[in-house]
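User: I am new to this structure. Please show me how to read its main features.

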Amino acid sequence: MTLEPKTLVKLVKESLKIKGIDFEREINSFGQIDAVKRRIEGKRFKIQEHIKGLVYSFLSSQRVWKKLVPHLNKIDCIFYFYTPEKLINADPEKLIEKIREIKCGNRSIGRQIRALSSNIKILKKYNSVIEMKISEIYKYHNNDIIKSQNIVEDLVNQLTNPKSDCKLKQMGNALIMEYFKNIGVRSMKPDTHLLRICGMKRLGILESVEDENTNKLNLLMKAQKEFIGFVIKISENVPIDVIYYDNLFWLFGAKGYGEICSKDPNCKYCLISNHCNYMG
Ligand code: SF4
């Protein structure tokens, strides 16, 4: 990749525009930038917002998000607007049935919803610890991005490590990071799509990423730090723009949105093709 980061981003935006994608509107509609702004203002997130973030993260797994968007109000209703007591006592089989009725399930939906009650109990028990850790991340976000990233890593580790008391069920590293973005933690979600687009086989932003299917925490965190390094080169507002560029590159590939740098890329719509490492 020989392009300057600013030029690369400009071309991604122009490619999306050519496909008629209003990326600013789409990014705003995801609400993740708004969540980071609230964190920067020092706001804390309620337990309902944590549960909503976790449920959205579950539902986004192996699903085309665009197809879920028209159903989000119904989903909020099915999950009792994320009231913890109601969900802890709810019959998971009925919730699964209702989600399947509106065709918003996925291959893991049964396991995910059966794990919900236990996950909510953990979130309730550890809510103040999680919130305190997140506020620590924001203490460092301007002057020591790597230090704050180490706190993110520590928190991901605690929530995913089978030996930890606060391990969340059915949540791997990438889903935890999606949940984090939903509750305003400034982090990129290093999932298969982002790793594929930004890794060495395509745009070459993430030099450590050869294998887009990795789920190892140390490699994902390395990718995150590289992504933040990329954002630092083009932004004066890094905490917000980490999410902004995460969302932008995701739109560039996502089904129902850009569908340009997707698994089988549509390089004919891409203005970066002369500078990309993709070999076909
Ligand atoms: S793989 Fe194709 S669509 Fe993706 S960045 Fe490269 S040229 Fe563009």
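This is a predicted model: local features need pLDDT of at least 70, side-chain atom pairs count only at pLDDT 80 or more; totals for chains, interfaces and linings use all residues.

Analyst: Residues are numbered from 1 along each chain as its sequence is written, and side-chain values use heavy atoms, with hydrogens and water left out.

User: Where are domain 1 and domain 2 in the chain?

Analyst: Domain bounds come from an automatic or database domain assignment. Here domain 1 is 1-21 + 188-280 and domain 2 is 33-186. Their C-alpha centres lie 24 Å apart.

User: How many salt bridges are found across the interface of domain 1 and domain 2?

Analyst: A salt bridge is a side-chain nitrogen of Lys or Arg within 4 Å of a carboxyl oxygen of Asp or Glu. The rule finds three across this interface. Separately, Lys 189 forms a salt bridge with Glu 178, with the closest N and O atoms 3.9 Å apart.

User: Which residues surround the ligand?

Analyst: A residue is near a molecule if one of its heavy atoms lies within 4 Å of it. Around the ligand are Arg 202, Leu 203, Ile 260, Cys 261, Pro 265, Cys 267, Cys 270, Ser 273, Cys 276 and Tyr 278.

User: How do the residues of that shell divide by class?

Analyst: Ala, Val, Leu, Ile, Met, Phe, Trp, Tyr, Cys and Pro count as nonpolar, Asp, Glu, Lys and Arg as charged, and the others, Gly among them, as polar. The shell has eight nonpolar residues, one polar and one charged.
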